[in-house]
Amino acid sequence: MKIDFSPPDISDIEVQLVTQALASGWITTGPKTKELEHKLAGFCGVSRAVCLNSATAAMELTLRVLGIGAGDEVITSAYTYTASASVIHHVGAKIVLVDTTPDSYEMDYERLAGSITNKTKAIIVVDIAGVPCDYTKIIAAIESRQSLFSPKTDIQKALGRVAIIADAAHSLGATRDGKPAGALADFASYSFHAVKNLTTAEGGAVVWSRSEAFDCEELYREYMLYSLHGQSKDALAKTTLGAWEYDILRLGYKCNMTDIAAAIGLGQLSRYKDILDKRKQIIATYDNTFVGTKIKSLRHYNDDYQSSGHLYLTRVVGISEKERNSIISKLAVDGIATNVHYKPLPMFSAYKNLGFCITEFPNAYNQYCNQISLPLHTKLTAVQIEYIIEKYLKAIEI
C-alpha cells in the first residue's frame, strides 16, 4: 500500500470553474479573483480580503503596509516554518524568536511579554496545525508592555499598540471563543498551497479585522499597489475603453493571484464544510485509537476552540531524535509518507548565521525531537487509516 502525505482534493467542480476561467479570456487577476476575495471575507467574518500568490507574500506585504522596516523588531515563534520569520528579515526588521511553552507547540506567552521592547512593532503568531493561538493571552502580553509602544506610521498610530499578525496558513475555518480565526488577529494570512485544506495550487490571502481603526478601502488599495508593481490600475481596470494609461505610485512587487488559481479556490470553498467535516472524522479515529499508547497527539477540538484539522501532529513519548527518524523510515518502507512539523528555526544554517542557537530554545527542541505528522487528508480511505494506525503502533515498539 502507498499512502501520500497530503495530496490535493480536486473535484469536477474545480475543473469546471477553471475551464470557465480559461474560456472567459481572464486568466490573470480578474473577476474570479475579486469574487474569491468577497467570499473569503464573508467566510472569515471580516470586511475585506486580498488574494495574493502566497501566504508569505501576504505576511510580507502586511509588514510593509504597516510601515515596518529597518530599526524595528518583530517577534515570532521559534517553532514554525521559515516563512513566519523570513518576511521580517525581508523588510529589514530584526527577527526576535520566542521559545514554546513546555510540552506545547504554541509560543510561551510569558516569554513573549518579556521580549517586547520599544522597537517592537508586530508579533507574528502561528496557528499551528489549524489550532488558533490563545489571542487573549497575546493581547494581555502586549497590554502589559503598552507603555513601550512607539508608533512610527499613521496606521501604527491608528492601531494604538503592537500589531498582531496571524500566520494562519493552517487555520482557515478554525474558530476560538466562537470567532473565526481570521477575526482574531489584526491581520491574518492564509495559505492555499497544494498541501493545504483549501488549495488554489499556489496562493494565499490576507484579511483584517480592525476595520474601525482605519479606512478599509484605502488599506485594500495599498495591498493592490504593493502586489502589482505599484501600478495605479490592474488589468481589469485597464479594460475600460481608452483607459490604458496608468501611473507607478511606488516601486512595488509582483505577487497577485490569477483567475485560474481563484477558480480552483472558489470550487474548494464551495465544498469546504464537507472537507472540514471529513478531517474532523479522521482526527477522531486517530485520537480514539491512540488513547493509552505512547503516542501523544495535538488536541484539535475543545470547548475553547475548533481547529481546521490541517495536520495530525503526534509525539512518541520518551524517544530520541534518532529513534524518531528510525520510525519515519520504517513507515516509509511500509509505504506511508509522514513528515515533521517543524524543525525549529534556530537549527537551520540561515538562522544560525543570524546568531540564533537551539540551546536557547529547549522547549521547541523537545517538541521537535520526537514529533511525527501522520497523513491527514480527505482522500484517505477507512482501510488506509486502519493501515496507518496498525503500522505506526508496530513501528513505535522500539
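Predicted model: local features only at pLDDT ≥ 70, side-chain atom pairs only at ≥ 80, totals over all residues.
Colleague: What makes helix H4 "mostly covered"?

Modeller: Six of the eight residues of H4 (83-90) are buried, namely Ala83, Ser84, Ala85, Ser86, Val87 and Ile88. Buried means under 20% relative accessible area, exposed over 50%, and partly exposed in between (1.4 Å probe, protein chains only). Helices are DSSP runs of H or I with at least four residues, strands are E runs of at least two, and both are numbered from the N terminus.

Colleague: Which elements do the buried residues of H4 pack against?

Modeller: Their partners are helix H3 (55-65), the strands E2 (73-77), E3, E4 (120-126) and E5, and helix H12. Contact here requires heavy atoms within 4.5 Å.

Colleague: Why is His170 called buried?

Modeller: The relative accessible area of His170 is 8%, so the residue counts as buried. His170 is located in the loop between strand E5 (163-167) and strand E6 (175-176). Apart from neighbours within four places in sequence, His170 is in contact with Asp127, Ile128, Ala129, Gly130, Lys196, Ser308, His310, Leu311 and Tyr342.

Colleague: What makes the pairing of the His170 and Tyr342 side chains a polar contact?

Modeller: The two side chains approach to 3.1 Å. A polar contact is a pair of N or O atoms within 3.5 Å; within protein, one must be able to donate a hydrogen and the other to accept it, and residues adjacent in sequence count only if both atoms are side-chain atoms. Tyr342 itself sits in the loop between helix H11 (321-333) and helix H12 (349-352).

Colleague: How do you know that the peptide bond joining His341 and Tyr342 is cis?

Modeller: Omega of that bond is about 5 degrees, and the bond is assigned as cis.

Colleague: Why does Asp9 count as buried?

Modeller: Its relative accessibility is 19%, so Asp9 is assigned to the buried class. Asp9 lies in the segment before helix H1 (12-24). Its side chain makes polar contacts with the side chain of Arg271 at 3.0 Å and with that of Thr378 at 2.6 Å. Setting aside residues up to four places away in sequence, Asp9 touches Glu14, Gln268, Arg271, Thr378 and Lys379.

Colleague: Why is Asp103 called partly exposed, and why is Asp177 called exposed?

Modeller: Asp103 has 47% relative accessibility and is therefore partly exposed, whereas Asp177 has 52% and so counts as exposed. Asp103 lies in the loop between strand E3 (94-98) and helix H5 (109-115), and Asp177 in the loop between E6 and strand E7 (179-180). Neither is a glycine, yet phi is positive in each: near 65 degrees for Asp103 and about 50 degrees for Asp177.

Colleague: Why is Ala382 called exposed?

Modeller: The relative accessibility of Ala382 is 62%, so Ala382 counts as exposed. Ala382 belongs to helix H14 (residues 382-395). Its C-alpha atom is separated by 44 Å from that of Val74, 308 residues away along the chain.

Colleague: What makes the chain as compact as a globular protein of that length?

Modeller: The chain has 14 helices and 13 strands. Its radius of gyration is 21 Å, close to the 21 Å that the globule rule gives for 398 residues, so the chain is as compact as a globular protein of that length. The radius is taken over C-alpha atoms, and the rule is 2.2 Å times the number of residues to the power 0.38. Buried residues make up 57% of the 398. Of the contacts with a separation of 6 or more, 72% are between residues 24 or more positions apart.

Notes:
Residues numbered from 1 in each chain as written. Heavy atoms only, no water.
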